[in-house]
Amino acid sequence: MISIAIPTGVLLDGSLELLRRVEATDLDADMIGRRLLVERGGLRLVLVKPADVPAYVDHGSADLGIVGKDQLWESSGKHYELVDLGFGSCALVVAVPDASALDGPETWPPAMRVATKYPRATQAYMDQLGQTVEVVPLHGSVELAPLVGLVEAIVDLTGTGRTLRENRLRVVAQVGRSTARLIANQASLKTRTEPIQSLVTSIRALVRP
């Protein structure tokens, strides 16, 4: 039995659709309901929070995982990133209040305070720019932070930009783009070669016809 960790939330439907299209399962979100572990037809689906997918794969509780690239930016685990699955596209951006004098990186002060749920990706981006930054990790709605003077800017994911606009924020730089990725446990890929490689090959052929 192959075990796959898939994320709850916005990537769940796309993950299940992908597995249905390669005929690995016939399940959809309604059929799964509130269950977190589902076994069917030689496939075990482990439903976890998006940020937890790398941990389940890294520690061998799942052979494969489907996870957003944004979560991999924050993970230091040891797994193989196999395929860009192409769905769930969004951007990690730097945003400031509409009234801010800040614009592109050339207008940023020598040192800047930034709030984010993605401290590793934020620090790496700022280091590339040579920008001194104090990263303030937050777990809630980061859009609030610059509006109350906690920080000068935020780094956050956006799909349509609607949430930023509703909170009177504008994008001044893009850190990177995130899509769903297929990852694999290193040991599983080496020791369970035939069944896992067969599924990976099917997924890769679907994504890259």
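Reply: The count comes to 8 salt bridges, a salt bridge being a side-chain nitrogen of Lys or Arg within 4 Å of a carboxyl oxygen of Asp or Glu. The model is predicted: local features need pLDDT of at least 70, side-chain atom pairs count only at pLDDT 80 or more, and totals for chains, interfaces and linings use all residues. Residues are numbered from 1 along each chain as its sequence is written, and side-chain values use heavy atoms, with hydrogens and water left out.

Lys69, Glu81, Asp84 and Arg181 are linked in a network of salt bridges. Within it, Glu81 pairs with Lys69, the closest N and O atoms being 2.9 Å apart. Since Glu81 lies in strand 5 and Lys69 in helix 4 (residues 69–73), this pair ties together parts that are 12 residues apart in sequence; helices (H or I, at least four residues) and strands (E, at least two) are DSSP runs, numbered from the N terminus. Glu81 also forms a salt bridge with Arg181, with 2.8 Å between the closest N and O atoms. Arg181 belongs to strand 11, so here the parts tied together are 100 residues apart in sequence.

As for burial, the terms are buried (under 20% relative accessible area), exposed (over 50%) and partly exposed (in between), with a 1.4 Å probe and protein chains only. Glu81 is partly exposed at 36%, whereas Lys69 is buried at 18% and Arg181 is buried at 12%.

Another pair is Glu39 and Arg44, whose side chains meet at 2.9 Å, N to O. Glu39 is partly exposed at 47%, and Arg44 is partly exposed at 29%.
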